[in-house]
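Here are a few notes to read alongside the model.

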Amino acid sequence: MGSACIKVTKYFLFLFNLLFFILGGVILGFGVWILADRSSFISVLQASSTSLNVGAYVFIGVGAVTMLMGFLGCIGAVNEVRCLLGLYFVFLLLILIAQVAAGVLFYFNMDKVKQEMGSIVIKLIRDYKDGQEDSLQQGWDYVQAQGKCCGWVSFYNWTENAELLNRTTVTYPCSCEKKGEDGSPLVKKGFCQVSNGNGTQSGNGTQSGNSPEQWPVYEEGCMETVQAWLQENLGIILGVCVGVAVIELLGMLLSICLCRNVHSEDYSKVPKY
């Protein structure tokens, strides 16, 4: 009966570690995505907060160590090596502590990230240059086009851009342009001029120059859209972390049970490379 329980525990631990290895790859991939993405709002977030970059490196480190521990746990479980099982338990405990610390740091810095994000977006709009290839500008163009919004608080934030307001014709941010249901999915960049009915660009200025009231753009700002996006993705991240934490606790419990029931060491079972 005892040997049967040990065998069941051993293979359950193997399955948990296999799942643990996969989830470690997911965490690592998420960290790499944060650092590598240059075409969406993540690039703006990186510029707005150094804590996001630190969090990305933490995710990569934890994911890599998690995958390694999952691999060692599989070997220790199948071959019933107490040394590997004990090492697995210790590292699993350290990973769990690191994950909890990273989660708490991320959660309590959310308000700070939002404030910094608002400041960096306002500065980005103020310094936006027409025709300039810049990852931050492209990321913000993507946010405005996909979120169907303009500016941070409202489209009037673009009046702080001197290059745009100094235009003598009615010119507006292209990514803010209102589109119908069948509009092009391509994200426009830079500044656009209002066209006449015959398809030519309008050359009529107003007494006040480039008047924002004549811009064919979305009037709502992107602040609420961005914050909703953050909340939604934060829920996904927390869900994955909770799932990993549960698996870690079960893995720790199973490893201790198996370690206590393995009474003899046989290092000849450990694979040699």
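1. Helices (H or I, at least four residues) and strands (E, at least two) are DSSP runs, numbered from the N terminus. Counted in this way, the chain has eight helices and two strands. Along the sequence they follow the pattern α-α-α-α-α-α-α-β-β-α.

2. A word on where this comes from: the model is predicted, so local features need pLDDT of at least 70 and side-chain atom pairs count only at pLDDT 80 or more, while totals for chains, interfaces and linings use all residues. Residues are numbered from 1 along each chain as its sequence is written, and side-chain values use heavy atoms, with hydrogens and water left out.

3. How much of the chain is buried? Of its 273 residues, 40% are buried, where buried means under 20% relative accessible area, exposed over 50% and partly exposed in between (1.4 Å probe, protein chains only).

4. Now find helix H5 (residues 110–126) and helix H6 (residues 135–147), which pack at an angle of about 105° with their axes 11 Å apart. Axes here are lines fitted to C-alpha atoms, for helices over the stretch in contact, and angles run from 0 to 180 degrees between N-to-C directions. H5 is therefore roughly perpendicular to H6, a label for angles of 65 to 115 degrees (under 35 is roughly parallel, over 145 roughly antiparallel and the rest oblique).

5. Which residues meet there? Val121, Leu124 and Ile125 in H5 are in contact with Leu136, Gln137 and Trp140 in H6; contact means heavy atoms within 4.5 Å.

6. Trp140 turns up again in the largest nonpolar core, which has 27 residues. Such a core is a set of buried Ala, Val, Leu, Ile, Met, Phe, Trp, Tyr and Cys residues joined through side-chain atoms within 4.5 Å. Trp140, Trp152, Trp158, Trp215 and Val217 touch the most other members. H5 gives the largest share, six residues. A second, separate core of 22 residues includes Tyr88, Leu96, Ala245 and Leu254.

7. Next, look at Asn161, in the loop between H6 and helix H7 (162–165). Is Asn161 buried or exposed? Asn161 is buried, because its relative accessible area is 0%. Beyond its neighbours within four places in sequence, Asn161 contacts Ile125, Arg126, Asp127, Tyr128 and Phe191.

8. Finally, Val170 sits in the loop between H7 and strand S1 (171–173). Val170 counts as buried because its relative accessibility is 5%.
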